[in-house]
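Dear colleague,

Please find below the structure that I am handing over to you, together with its sequence.

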Amino acid sequence: MKLDILAFGAHPDDVELGCGATIAKEVALGKKIGIVDLTRGELGTRGSAELRDKEAEKAAEILGVSVRENLRFADGFFINDREHQLEVIQMIRKYQPEIVLCNAIDDRHIDHPKGSNLVSNACFLSGLLKIETEIDGVNQEKWRPKQVYHYIQWKNIEPDFVVDVTGYMDKKIDAVMAYGSQFYDPNSKEPETPITSKNFTDSVEYRANDLGRLIGVEFAEGFTSERYVAVENLSKLI
Ligand SMILES: [Zn+2]
């Protein structure tokens, strides 16, 4: 299945938190989108890997993505080496996306910049003819996405561009809240973590609100790009 956009996240919920509204908007525009989680988030303080699998499935349904896969790398300990790059390349070649979205370039959780580098490196390597991969016994064609953009996570990184997501925040928040075990729940008996605070849950909306304020719309999500962001003509800008 060929996709327009493939979004990678080190943990299930990274994509929803980082760019869930952008994905909901692109789906509404008719784009085919997939999500690939690198790990099952098995080191998360609350819940369990099995529960996160179910939550991720529900969130994918809410966002309307066509496919969601999990590479089952080791949460916290996966590294950016040949073996892991080849598995990411298999996904890129399988879905042939024009655009890849991936983790923040710098962040509090060490898996985020690690996942960011791993996916970005794999996007380049995937375009090299002499790297051979196969999936289900079939050789894969080389494929290099046209663009790789990094969403913004815990840290307030200055975006290179922002997407107007007004009208799609409800979907994003529903998708984020599908991870019921992970976020603010005043009745939970499980330990507190930085992401279980009410402030963190509220930040999903107020940060998008603030980025929107800066560009004159209600809500926006920000991204960074490793190369210059190019537009076809000036009227494409808002
Ligand atoms: Zn994460």
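Predicted model: local features only at pLDDT ≥ 70, side-chain atom pairs only at ≥ 80, totals over all residues.

Helix α4 comprises 15 residues, 111–125. At 1.5 Å a residue, α4 should span 21 Å, and its end C-alpha atoms lie 20 Å apart, which agrees. Because 12 of its 15 residues are buried, α4 is largely enclosed by the rest of the structure. Among the buried residues of α4 are D111, H112, P113, L118, V119 and C123.

As to the cysteines, the search of the whole structure returned 0 disulfides. The closest cysteine sulfur to that of C102 belongs to C123, at 6.6 Å, which is too far for a bond, given that a disulfide requires sulfur atoms within 2.5 Å. Seen from C123, the nearest cysteine sulfur is likewise that of C102, and C123 is in no disulfide. Both cysteines are buried: C102 has a relative accessible area of 0%, and C123 one of 2%.

Most residues other than glycine have a negative phi. D13, however, has a positive phi, near 100°; D13 sits in the loop that joins β1 (5–9) to α1 (14–28) and is buried, at 4% relative accessible area. Q96 also has a positive phi, near 45°. Q96 belongs to the loop between α3 (82–95) and β4 (99–102) and, at 22% relative accessibility, counts as partly exposed.

With kind regards

Conventions. Residues numbered from 1 in each chain as written. Heavy atoms only, no water. Helix = DSSP H or I, 4+ residues; strand = E, 2+ residues; numbered from the N terminus. Expected span 1.5 Å × (residues − 1). Buried < 20%, exposed > 50% of the residue type's maximum accessible area, 1.4 Å probe, protein only.
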